[in-house]
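Look over the structure below, with its sequence beside it.

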Amino acid sequence: MLHDIGLNSSQLIFQCTYGNDLKQIILDMLKHTQSTTSNIYYLQGKLYEFFSVLSRDAAIETAPAISQESNYILEAISFIRNNYSRGVSVADVAAHLNINRSYLYTLFKNTLDISPKNFLTNFRISRAREQLILTDYSVEYIAHSCGYHDTLVFSKAFKSIIGFTPREYRKRNRTETHDNLIASQKEIEELMIKEK
């Protein structure tokens, strides 16, 4: 299941736009703490619901009859999502699909209006942004976990896309995210107290 949403041993962070839905599922799960058969089945169902919500962002809408070109794009995106942290290149994506790089480029430009290289870079930078805000990992570690072997190359790519260096971005966004997490934690604690 985790593989389907792009998580692996090198990438342990995932940002989901359905945070409130996930929070509600967790709160519902926290209400069923007794070890009864009924609660065990209930919690298993909620766990599947949790992963279903997580995978909403990972799902790519497709038409009922999918063309070979669309299939290549979907497969390329899936490959990038699951392997970007290993430092894969556009050539690796093309090789995985058994097509040449120029055809992959044409497919991406015609379908997504972006080159495969820019798509891969944007995907890596989006994952780096998540880690910069949500973890205390060093910039060097984050660069490596996003497939960059050179921190300077990572920092330049990050700044060209985001407009800030990774350290500046972390500093600017950390306070807001931290405040939101503290507020959510207090809300959960208040809900747990009400339930008792």
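The model is a predicted one. Of its 196 residues, 36% count as buried.

The protein has nine helices and zero strands. Along the sequence this gives the pattern α-α-α-α-α-α-α-α-α. How much of the contact in the protein, counted at a separation of 6 or more, is due to residues 24 or more positions apart? Such residues account for 62% of those contacts.

The next topic is how two of the helices lie against each other. Two packed helices are described by the angle between their axes and by the distance between the axes. Helix H1 covers residues 19-30 and helix H2 covers residues 37-54. Their axes come within 10 Å and cross at roughly 170°. Angles over 145 degrees count as roughly antiparallel, so H1 is roughly antiparallel to H2. On the H1 side, the contact is made by Asp-21, Leu-22, Ile-25, Ile-26, Asp-28 and Met-29. On the H2 side, the residues are Tyr-42, Leu-43, Lys-46, Leu-47, Glu-49, Phe-50, Val-53 and Leu-54. Sorted by class, the contact of H1 with H2 has ten nonpolar residues, four charged residues and no polar ones.

Now turn to the aromatic rings. A pair of rings is described by the distance of the centres and the angle of the planes. The protein has eight aromatic pairs, counting rings whose centres lie within 6.5 Å. One of them joins Tyr-137 and Tyr-141, with 4.5 Å from centre to centre and 55° between the planes, and this pair is tilted. Are these two residues buried, partly exposed or exposed? Tyr-137 has a relative accessible area of 35% and is therefore partly exposed. Tyr-141, at 42%, is also partly exposed.

Phe-158 and Tyr-169 form another pair. Their ring centres are 5.4 Å apart and their planes stand at 70°, so the pair is edge-to-face. Phe-158 belongs to helix H8 (residues 151-162), while Tyr-169 belongs to helix H9 (residues 166-195). The two residues are eleven residues apart, and the pair links distant parts of the chain. Both Phe-158 and Tyr-169 are buried. These two residues also belong to one aromatic cluster, together with Tyr-148 and Phe-154.

Terms used: Residues numbered from 1 in each chain as written. Predicted model: local features only at pLDDT ≥ 70, side-chain atom pairs only at ≥ 80, totals over all residues. Heavy atoms only, no water. Axes fitted to C-alpha atoms, helices over the stretch in contact; angles between N-to-C directions. Helix = DSSP H or I, 4+ residues; strand = E, 2+ residues; numbered from the N terminus. Parallel < 35°, antiparallel > 145°, perpendicular 65-115°, else oblique. Contact = heavy atoms within 4.5 Å. Nonpolar A, V, L, I, M, F, W, Y, C, P; charged D, E, K, R; others polar. Buried < 20%, exposed > 50% of the residue type's maximum accessible area, 1.4 Å probe, protein only. Phe/Tyr/Trp six-rings, centres within 6.5 Å; stacked < 30°, edge-to-face > 60°.
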